[in-house]
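Visitor: I would like to know what the terms used for a protein model rest on. Please take me through them one at a time.

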Amino acid sequence: MEFNIDELPVLFPYPRIYPEQYAYMCDLKKTLDAGGHCVLEMPSGTGKTVTLLSLIVAYQQYYPEHRKLIYCSRTMSEIEKALAELKALMKFRTERLGYEEEFRGLGLTSRKNLCLHPSVKREKSGAVVDARCRSLTAGFVKEKKERGEDVDVCIYHDNLDNLEPHNLIPNGVWTLDGLLRYGEQHKQCPYFTARRMMQFCNVIIYSYHYLLDPKIAERVSKDLSKDCIVVFDEAHNIDNVCIESLSTDITEDSLRRATRGAQNLEAKINQMRDSDQKKLQDEYEKLVEGLRGAGEGRQEDAFMANPALPDDLLKEAVPGNIRRAEHFVAFLKRFIEYLKTRMKVRQVISETPPSFLSHLKEYTFIEKKPLRFCSERLTSLVRTLELTNIEDYQPLQQVATFATLVATYEKGFLLILEPYESDTAEVPNPVLHFTCLDAAIAIKPVFDRFSSVVITSGTISPLEMYPKMLGFTTVVQESYSMTLARRSFLPMIVTRGSDQAAISTSFQVRNEPSVVRNYGNLLTEFARITPDGMVVFFPSYLYMESIISMWQGMGILDEVWKYKLILVETPDAQETSLALETYRTACCKGRGAVFLCVARGKVSEGIDFDHHYGRTVLCIGVPFQYTESRILKARLEFLRETYRIRENDFLSFDAMRHAAQCLGRVLRGKDDYGIMVLADRRFQKKRNQLPNWINQALLDADVGISTDMAVSSARRFFKQMGQPFRTKDQEGVSIWTLEHLKAYQEKKAEETIRELQAQQNQRQLMDAQANGNANGGAGRGDSDYEMDDDDEAELMALDHH
Amino acid sequence: MPPKSSSFGAGARAGTSSSGGGLPALSSDDMCPVCKTIRYLNKDMEFLIHPDCYHSMCSNCVNRLFNDGPNQCPYAGCHKTLRRKGFRAPFFGDLSVEREVDIRRRVAAVFNQVEDDFETLLDYNNYLQMVEDLTFELVHGTDQKRQQAEAQLQAWEAEHKADIERNRRAGREADDLQRRRIAAERDAARQRRIEAIKEAEEEKRERVRSREAELDSMQTGEAGGGGGGGQRVQLKRRGQVNKNTADAAANMIQDKNAAAAAGADGLGVGRLSIRGLKEKKRPPPPEGPYDPFGGLDFIPSRYTLEPKGTLNHPALDHWRLDQGHITGGYSFDEYISRAMFDAFAGLGVFIEDEKELGGQTGLSAGQVATIGGGIGAVGDKMELDAS
Ligand code: SF4
Ligand SMILES: [Zn+2]
Ligand SMILES: [Zn+2]
């Protein structure tokens, strides 16, 4: 399908288009034209990714700037999906245009997924793969080799050096598989191919972390130019990703290992002082001049990652008292000892960075400034010492990162020391949480650097929350409703059980047998009438376990068992994926199954229950966060103080975005259908916080109903859905062919013209009146007041009464 | 110079290697290297050190050995003479760091120049490194180097006395300022938190109040809620009728609404206007709790009783004190009130009138009671008039 939006020709790889896709493209184009950020909510299952890609690629190819697209997604499977869509799109474009465009699209993921080295790739943990790869590819390893020393290298990596640096891989779209295959054929490392080719790509698809985690972003994404278009897909959780990327937890064990790391460093320094004094001296001299000089900074093989540092800091020279290697190690040891002492305290402490620093200075004479340089200084030292077994120094690096962050940011962070794991624990297991409270800190560089950032997801309501929390302004902020030819999903809010008693998972009543029984009845009833698959979400593992055991005692599970297989999510990923597989089989075989899972677990985020894999989703209870957590409390307070977001508003927002995620699991396309049940009394008030497209489909008659009403409503729905339904019925309503689209565009254009004309008339009228006023002197522009007459009548009536 | 090792403390040293000066470090399952008491036996065991030699021992040992005046350190090979006064609890687990920090404290007191004192950043950094080098000599250096560094330190102190004093004062002020700032911030945060809580509570109360007000106005049905309903209705019909008729209509609907509201338990009916509803009778006023006496009250109206236990008349002593009367459950006050009741009973009952009323048939007990009450009241008045 081929059409124009304003002057921009868009090639859309399908013969039909959804109206909301078209609207989405228009808004996206507006954003790009205006050069600002936007937040867009598009119903799940309406082909968001392909819409996005086809518009942006069209935009890239049409305008001479050829703005690069950075597409960030959350999981590997989403990245792969996007790459596949891009590939199909480009194929379509080539066919349509009759020639192949100058275009390169690449996906990037961790070394673990892209490594080809026969022994390295067999490592289980990603960190080990990274570390081993680094020890094979570091700059000094190559130098050593050139000097004729016998060192291990990776041939896949070294082969890259023989190629033209800007043409490591031919044009085209490379899926991860394709990249691996190409790498194997040409004996070149796919990971470094992708990394090095990023500057020469039109589209890059990778995970959030490459942009948001300042420790990685600095190395991977530093060369991307300002006019890049950045897209965060599935961004409803983006604030948490930001926060996690800057928070660290320090335990006694990690401190112990950090001490060991420092001791190793010391030994290495002594060794080197005896054998290779010159290197240390070189480093020292470079440091005297300035940090950046020390090892030309942050190359791709940089050993350790550093957190975001303000630019002025990077230009400054390292403070004199940590310039010497041995001084620096002693400095680190002192800092670690201090932390160890703090960990001995047996009461909860929460502290702001400034107060931590002043206490630190009082007891150890460590100043703020050298602390800020800690992490850069460590990187430089590690490079000088040519250490290869980096994973041994990881805890030390963690402490250094913490030091740098705590000395850099006064606001937006908090230190929380929890001596016990839980309130009832007897044996202390202290953890020092250094927690970031402000999501805006991590994402700020992104907004500062790139002119257009698109934040989009299927469930990102309320839209205004995100700009508020992340500290940016939008040019477009839009939530699209879903056009449907038939009511293909049925949301309901069930607030009462079949005995008319209110149901809720609030703390006071959640374990009352009557509530549990009512939930059980709800489950049984829906298990009875739902064909094939059914998904149930609970607010937490704890609650799920307790309610399941209560159901067991009440014989409810036996009843459900008659209709469906019962499968349960566990915190263990492997077990869960096994359960999921069984679930799918049961759905396909016709036995049908219910999957009991947790609203904040893995299943609720990444796994689709399309078509017969999910005909009903039952959300038991509002999935609130655990509010007793001190970290959450601190964050709530911060949000209130800084962004004027009230505690309850945030908690409710957060609960509802998870609930919406759960609901969205069952509807993955316009030909799909399913029932969404929200079962809790408290949902009734939160209805407006649901995404627009769900809320619109939610009829008043289906709000606040009891179990039996819900069941009869659901029965009717399934009966309707069972009727034959052809694509043709949808045409013109929820699916447009090119003609529909053209007609719509014409209508739009006419409207615009009419509007313009009206405006013009108005202006003329006003002009005339203005003239009249000028002549008559006393007349007024009455037209402004005309529309207010009615209001006035109203006001008078009020007064009179 | 602390000795490199000692015969004590093997257990305490296990597992922790201290690179500093071969000092024993505390481990988690502490044992006093002097008396070999382990923490298992004495939970509150506290370790103390003396900054002369940094040998740690438990507080019991310290008391035992040093309470009677200066004594020699019990560590083998350590010949320092220590006083009780100098002992303190170490801040750090690693005693070599403890010692280092003590030295740093001394150095920091002397070398307290700040960046502003220097021409360039490089100068400042060189100065910092010089200080660090000196500190290192003091901490890790050989005897000779240490003495040299010590001498340097003292020389510098003598040379820059004025500067040091000035910087010390400035530093203290800056520290004070900083501390005050942190405290002020904490206070402000607390204040804000309290306010936020208050605000939330106020809001909640406001919500409850407004809901109650709404309910109340619906219940009474008159001015408040009904009026509001009327207004709203009127808004809907604006422009259709002139004001007078609108008023009239509003009043009428208002009445209807009030009736409907009262009938429907005060649910949100006030704002609906349904035309063509049948005129309903105003339901009887809500009933209070059941009163078996139909509103009669038993407070004597023709006489007043003294408050209990205060009536004290020699003529009554007989009834009060006579053992012959008094049995379990007997109460003098009760006796008096019964006596008075008997004396006045029947006054104000007019047999003739009673006869007439009694003739009417079908009176319920309640009505009789009411009538009786009414008569009683009339009787009261008569008596009042007479007196
Ligand atoms: S360079 Fe590439 S192939 Fe070689 S070890 Fe590293 S990731 Fe693996
Ligand atoms: Zn002892
Ligand atoms: Zn001693």
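**Terms and their grounds**

Guide: In chain A, strand S17 and strand S18 (residues 593–598) run parallel and are joined by 4 bridges. This is a predicted model, in which local features need pLDDT of at least 70 and side-chain atom pairs count only at pLDDT 80 or more, while totals for chains, interfaces and linings use all residues. Residues are numbered from 1 along each chain as its sequence is written, chains are lettered from A and ligands numbered from 1 in the order in which they are written, and side-chain values use heavy atoms, with hydrogens and water left out.

Visitor: What makes S17(A) and S18(A), with 4 bridges, a pair?

Guide: Two strands pair if DSSP finds at least two bridges between them. S17(A) and S18(A) have 4, and one bridge sets Leu565(A) with Ala593(A) in S18(A). Strands here are DSSP E runs of at least two residues, and helices are H or I runs of at least four, numbered from the N terminus.

Visitor: Which strands stand at the edges of the open sheet, and why?

Guide: The sheet has 7 strands with parallel pairing, in the order S17-S18-S16-S19-S20-S15-S21 of chain A. Strand S17 (565–568) and strand S21 (703–706) of chain A are at the edges because each has a single partner strand, so one side of each lacks a neighbour in the sheet. On average, neighbouring strands of this sheet are turned by 25° against each other, direction ignored.

Visitor: Which helix packs on the sheet, touching S16, S17, S18 and S19 of chain A?

Guide: Helix H23 (residues 541–554) of chain A does, and its direction makes about 140° with that of S18(A). Contact means heavy atoms within 4.5 Å. The angle, on a scale from 0 to 180 degrees, is taken between N-to-C directions of lines fitted to C-alpha atoms, for helices over the stretch in contact. Helix H25 (residues 573–589) of chain A lies across S16, S17 and S18 of chain A, at about 150° to S18(A).

Visitor: Why is the link between Glu150(B) and Arg106(B) called a salt bridge?

Guide: A salt bridge is a side-chain nitrogen of Lys or Arg within 4 Å of a carboxyl oxygen of Asp or Glu. The closest N and O atoms of Glu150(B) and Arg106(B) are 2.9 Å apart, so the pair qualifies. Glu150(B) lies in helix H5 (residues 143–159) and Arg106(B) in helix H3 (residues 95–110) of chain B, 44 residues apart.

Visitor: Why is Glu150(B) called partly exposed?

Guide: Buried means under 20% relative accessible area, exposed over 50%, and partly exposed in between (1.4 Å probe, protein chains only). Glu150(B) has 23%, so Glu150(B) is partly exposed. Arg106(B), at 40%, is also partly exposed.

Visitor: How far apart are Glu750(A) and Arg754(A) along helix H33 of chain A?

Guide: They are 4 residues apart in helix H33 (residues 738–776), about one helical turn.

Visitor: What makes Ile38(B), Tyr40(B) and Leu41(B) a nonpolar patch?

Guide: Patch residues have over 30% relative accessible area and no salt bridge; like charges are joined within 9 Å, and nonpolar side chains (Val, Leu, Ile, Met, Phe, Trp, Tyr) within 5 Å. Ile38(B) has 33%, so Ile38(B) passes the area cut-off. Together the three residues have about 380 Å² of accessible area, computed by the Shrake-Rupley method with a 1.4 Å probe, where for residues only the protein chains shown count as cover.
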